[in-house]
Amino acid sequence: MSAQVIRAVLLALLSIFIALPVGYFVAHWAGWSVFCAGLGLQMIFHFRNFARLDRWSHRPVVDAGLEGEGAWDGIFGRLYRHEKDLRTQISDRDDQIERLFAALQALTDGVVALDLNQQIVYCNTTAEDQLGLVSESDRGQPIVNLVRQPEFVAYLDAGDFERPLTLRSDRGTDRVLSIHVVPYAGDRRLMQIKDVTQSDRLDRMRRDFVANVSHELRTPLTVLAGFLETLQEIDLDRDEQHRYLDMMAEQSKRMESIVQDLLTLSSIESAPPPSNDVVDMGSLIDKLRRDGEALSGGRHTIVAETDGLCDLRGSEPELVSAFGNLVANAVRYTPAGGTVRIEWKVTAQGAEFAVEDTGIGIEAKHIPRLTERFYRVDRGRSRDAGGTGLGLAIVKHSLNRHQALLDIRSLPGVGSRFAAKFPASRIARVQG
Ligand code: ADP
């Protein structure tokens, strides 16, 4: 029993102890009066405190001024402390929940929590962006009313969440999402959404690349095998044999070029950033002109122009290979009698190396795809010209490594201009 309760009992006993002698020595009614007055006073006292407690319980504010009288003081004190602890716990819990929501919002993965009826309980901003949801208005809506793609609806209905669902966005973007559903708190579901667009694209590129390489190598290999079989089975005269051997040599040269270009691509892909050597552009342009003339065999006019104002910083072998590819293409895709112009000049943004030709030109729709591996406008023509379809891919990659951009302008039947635009940071020396 607490001290306050003992005190209340003692006060009740006190009124009995005072009433008894008064009743005995004065008069019975006087004793009863004293006893009733004592009880009445106690009742008023308890009623006052009870009324205070009643008022407080309707609006339990944490008020340090909340005090009871006598035995009630301890009760009020304990209630006050209890209410204060409760408020602190609630506020701590609120802080934790807020931090948890902030963490969910900060996730780069989308998160959507669904209730038992697949209605949205919560979704973070990443999920809003990925699925086109609006957290405020969509809360409480069934998810399948908002994400209506049949494969998604079927996935949720099937309830087999062992594997994630790969969903291609139907909202006018080429986004690919991987949706993983995790059951939680009984039958509730938590959707975890990853944007796998990039890895999906890389995966597709890798598959296409392997298929392309196989195809590109298989064609000359099949031709080579065919010739070999003919040579083995049919008795050919010497001239015919020579003709076949020449054709076989041509096919093996083609395979060699493909393999060589593939090796070049893979070596620049895995190479460290290019060196910062100063490349003497005057002599490089001269060499490119001579190589172009050798390839042309006198069928074209090759012109080289340089303002002689600057050199370039970078890896000389890589730049020679990239620029050489552009010159070779210009020669190969320009009919006899045409002109190929090689230029090197300072520009407002930095410097520009360009190769311009009066060749067959390229239709606008092909231009954005020219630097893809094995992309060719006219497969037969490229093959006849000894092309591998990898030249411009190598050029683009090498230029990227030198922070340069490849600008392609072309008109069918008029000619093309391939320009490598270098930033000022790559200029080695500007002469006066
Ligand atoms: P390829 O080995 O086939 O020449 P590239 O990657 O060098 O491969 O070029 C890709 C395609 O771009 C070529 O097949 C050709 O169709 C086109 N092309 C490149 N350069 C020129 C050019 N100067 N004029 C016209 N078409 C060109």
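Which residue in the turn between β4 and β5 has a positive phi? Select A185: its phi is about 40°, and it sits in a hairpin of β4 and β5 with 3 residues between the two strands. Strands here are DSSP runs of E with at least two residues, helices are runs of H or I with at least four residues, and both are numbered from the N terminus.

This is a predicted model, in which local features need pLDDT of at least 70 and side-chain atom pairs count only at pLDDT 80 or more, while totals for chains, interfaces and linings use all residues. Residues are numbered from 1 along each chain as its sequence is written, and side-chain values use heavy atoms, with hydrogens and water left out.

**The strands**

Now select β4 (residues 176–184) together with β5; the two run antiparallel and are joined by 8 bridges. Strands count as paired if DSSP finds at least two bridges between them. For one of these bridges, pick V181, whose partner in β5 is M191.

Then move to β2 (residues 120–123), which pairs with β1 over 3 bridges in the antiparallel sense. A113 is bridged to Y122 in β2. β1 and β2 also form a hairpin, with 5 residues between them, and Q118 in its turn has a positive phi of about 60°.

**The ligand**

Show the polar contacts next (pairs of N or O atoms within 3.5 Å). A backbone N or O atom of T388 is 2.8 Å from a ligand oxygen atom, and a backbone N or O atom of G389 also lies 2.8 Å from an oxygen atom of the ligand. From R332, a side-chain N or O atom is 3.3 Å from a ligand oxygen atom. The protein buries 98% of the 520 Å² that the ligand exposes when taken alone (accessible area by the Shrake-Rupley method, 1.4 Å probe).

Definitions and conventions. A polar contact is a pair of N or O atoms within 3.5 Å; within protein, one must be able to donate a hydrogen and the other to accept it, and residues adjacent in sequence count only if both atoms are side-chain atoms.
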